[in-house]
Amino acid sequence: MKVKDVMHDGVAWVEPDTLLSKVAVTMRDEDVGSIPVGEDDRLVGMVTDRDIAIRALADGKDPLQLTAGDVMTDEIFYCTADEEVEDAVRIMENNEIRRLPVIDHNKRMVGMLSMGDVAARAPASLSSEMLKAVSAHHP
């Protein structure tokens with residue numbers, strides 16, 4: 001089974017200078033827990049709901065003054081639309097991430113692969129294995 005058969009198509013994204021309040025509104029409106037950050041037509045980071053909670057609120061910063069670039073994770077893991085779902089799940093497991101941007105052969109973002117997507121459309125054994133690995137507590 002290919003990633004393109006499991007992922008959800010289309011992705012809302014923001015630029016690094018987008019105010020964090022707008023990022024949160026986009027997350028709410030799109031009903032997602034992460035937003036890709038793009039600059040000059042390329043993926044440069046991701047902002048997750050956890051990034052907002054930890055890097056903005058828990059650190060005592062004023063979230064109304066922060067931008068996506070201030071809190072984003074710039075180490076990006078991704079997969080390709082034509083990749084096998086099992087291979088994409090291994091990326092998620094090895095890096096303990098719950099959402100994975102999906103790119104095409106032109107390196108353009110075409111979707112996102114989430115744990116929910118895998119759980120809903122992939123074999124149950126793969127979903128169970130991924131959930132255990134991704135949900136493991138950090139040492």
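Start with helices H1 and H2, which run roughly antiparallel to each other in this predicted model. Select residues 20-30 for H1 and residues 49-58 for H2. Their axes cross at roughly 150°, and angles over 145 degrees count as roughly antiparallel. The axes come within 11 Å. Two packed helices are described by the angle between their axes and the distance between the axes.

On H1, select Leu20, Val23 and Met27; on H2, select Asp49, Ile52 and Ala56. These residues make the contact between the two helices. By class, the contact of H1 with H2 has 5 nonpolar residues, 1 charged residue and no polar ones.

Now follow the chain out of H1 to Asp31, in the loop between H1 and strand S2 (34-39). What is phi of Asp31? The angle is near 55°, a positive value in a residue other than glycine. Most residues other than glycine have a negative phi. Asp31 is exposed, with a relative accessible area of 70%.

The last stop is Glu96. Select helix H4 (85-95) and strand S5 (99-103); Glu96 is found in the loop between them. Phi of Glu96 is near 50°, again a positive value in a residue other than glycine. Is Glu96 buried or partly exposed? With a relative accessible area of 29%, Glu96 is partly exposed.

Terms used. Residues are numbered from 1 along each chain as its sequence is written. This is a predicted model: local features need pLDDT of at least 70, side-chain atom pairs count only at pLDDT 80 or more; totals for chains, interfaces and linings use all residues. Side-chain values use heavy atoms; hydrogens and water are left out. Axes are lines fitted to C-alpha atoms, for helices over the stretch in contact, and angles run from 0 to 180 degrees between N-to-C directions. Helices (H or I, at least four residues) and strands (E, at least two) are DSSP runs, numbered from the N terminus. Angles under 35 degrees count as roughly parallel, over 145 as roughly antiparallel, 65 to 115 as roughly perpendicular and the rest as oblique. Contact means heavy atoms within 4.5 Å. Ala, Val, Leu, Ile, Met, Phe, Trp, Tyr, Cys and Pro count as nonpolar, Asp, Glu, Lys and Arg as charged, and the others, Gly among them, as polar. Buried means under 20% relative accessible area, exposed over 50%, partly exposed in between (1.4 Å probe, protein chains only).
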